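User: I'd like a friendly tour of this structure, please. Let's start with the words I need.

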Amino acid sequence: MTVIKKTELELDHRFDPASCRHSLNGFTSVLHCHHYSALYTQLADDCGMLDGRKLLSECAEDSFFEVLSAYFKAKGMECIEDRIAIAEQYYAAVGLGGMKVVCAGLDSGKVELSHSHVDEGWMKKWGKRDKPVNFITQGYVAALFSAVFGRPPRTYRVDETEGIVTGAEKSTFTVVVR
């Protein structure tokens, strides 16, 4: 009989009462609700002075690239399937939702969200909308692909092609090399 062992994410969650800060595996982590995430997503979307969507996405890409790359290095993880499994679990662990990497290659891929805390917060506050809102997840997915394949940030362009907030059953992201 074949036994398949799933790679499990190991989290070291700490709280420093002096600074009121949480950390996960040595990285400062902000734990917040989906209403707050939806609010700063709307602020980024509304910002006319600069491209707030891009800024939010790139900040997420930089932050999560560092977190995922450090985890892979610390655990000696070389297997792509294991790296993907950890990245999917980390997305849920930081409260962003449920993610599944449908396919992943060096030059392209596809990711789906079964649920998204940003979408859920947005719909509770403002209802459905005609455009997707997962700018943070776009950055996370770009970071995931870069970290999994050992490439630098900004290697991948990620587009949300379907969004739960628009009425789709799931949010879907396409990934291509820039």
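Analyst: A residue is called buried when its relative accessible area is under 20%, exposed when it is over 50%, and partly exposed in between, using a 1.4 Å probe and counting protein chains only. By that rule, Arg 157 is partly exposed because its relative accessibility is 40%.

User: Thanks! What kind of model is this?

Analyst: It is a predicted model, in which local features need pLDDT of at least 70 and side-chain atom pairs count only at pLDDT 80 or more, while totals for chains, interfaces and linings use all residues. Residues are numbered from 1 along each chain as its sequence is written, and side-chain values use heavy atoms, leaving out hydrogens and water.

User: How many helices and strands does the chain have?

Analyst: There are five helices and seven strands. Both are DSSP runs numbered from the N terminus: helices are H or I with at least four residues, and strands are E with at least two. Starting at the N terminus, the order is β-β-β-α-α-α-β-β-α-α-β-β.

User: And the overall size? What radius of gyration does the chain have?

Analyst: The chain has 16 Å, which agrees with the value near 16 Å that a compact globule of 178 residues would have. That radius is taken over C-alpha atoms, and the globule rule is 2.2 Å times the number of residues to the power 0.38. Along its principal axes, the C-alpha trace spans about 50 × 45 × 35 Å.

User: What share of the residues is buried?

Analyst: Buried residues make up 42% of the 178.

User: Which residues touch the most other members of the largest nonpolar core?

Analyst: Those are Tyr 90, Tyr 140, Leu 144 and Phe 145, in a core of 42 residues. Helix 5 (residues 135–149) gives the largest share of this core, 11 residues. A nonpolar core here is a set of buried Ala, Val, Leu, Ile, Met, Phe, Trp, Tyr and Cys residues joined through side-chain atoms within 4.5 Å. In general, nonpolar side chains in soluble globular proteins tend to be buried together.

User: What does Phe 145 touch?

Analyst: Leaving out residues up to four places away in sequence, its partners include Val 101, Cys 103, Ser 108, Lys 110, Tyr 156 and Val 175. Contact means heavy atoms within 4.5 Å. Over the chain, among contacts between residues at least 6 apart in sequence, 60% join residues at least 24 apart.

User: Ser 108 is on that list. Where is Ser 108?

Analyst: Ser 108 is in strand 5 (residues 108–116), and it is partly exposed, with a relative accessible area of 38%. Not counting residues up to four places away, Ser 108 touches Phe 145, Val 175 and Val 176. The C-alpha atoms of Ser 108 and Gly 98, 10 residues apart along the chain, are separated by 21 Å.

User: New topic: how many salt bridges are there?

Analyst: The count is 12, a salt bridge being a side-chain nitrogen of Lys or Arg within 4 Å of a carboxyl oxygen of Asp or Glu. One of them pairs Arg 14 with Asp 12 (2.8 Å, N to O); Arg 14 is exposed at 54%, whereas Asp 12 is partly exposed at 32%. Another joins Lys 110 and Glu 112 (3.8 Å, N to O).

User: Is Glu 112 buried or exposed?

Analyst: Glu 112 is buried, with a relative accessible area of 17%, while Lys 110 is partly exposed at 32%.

User: What about Asp 159? Which residue does it pair with?

Analyst: Asp 159 forms a salt bridge with Arg 157, with the closest N and O atoms 2.9 Å apart. Elsewhere, salt bridges that share partners link Lys 54, Glu 58, Glu 61, Asp 62 and Arg 154 into one network.

User: Where does Arg 154 sit, then?

Analyst: Arg 154 lies in the loop between helix 5 and strand 6 (156–162). Its phi is positive, about 75°, although Arg 154 is not a glycine. Most residues other than glycine have a negative phi.
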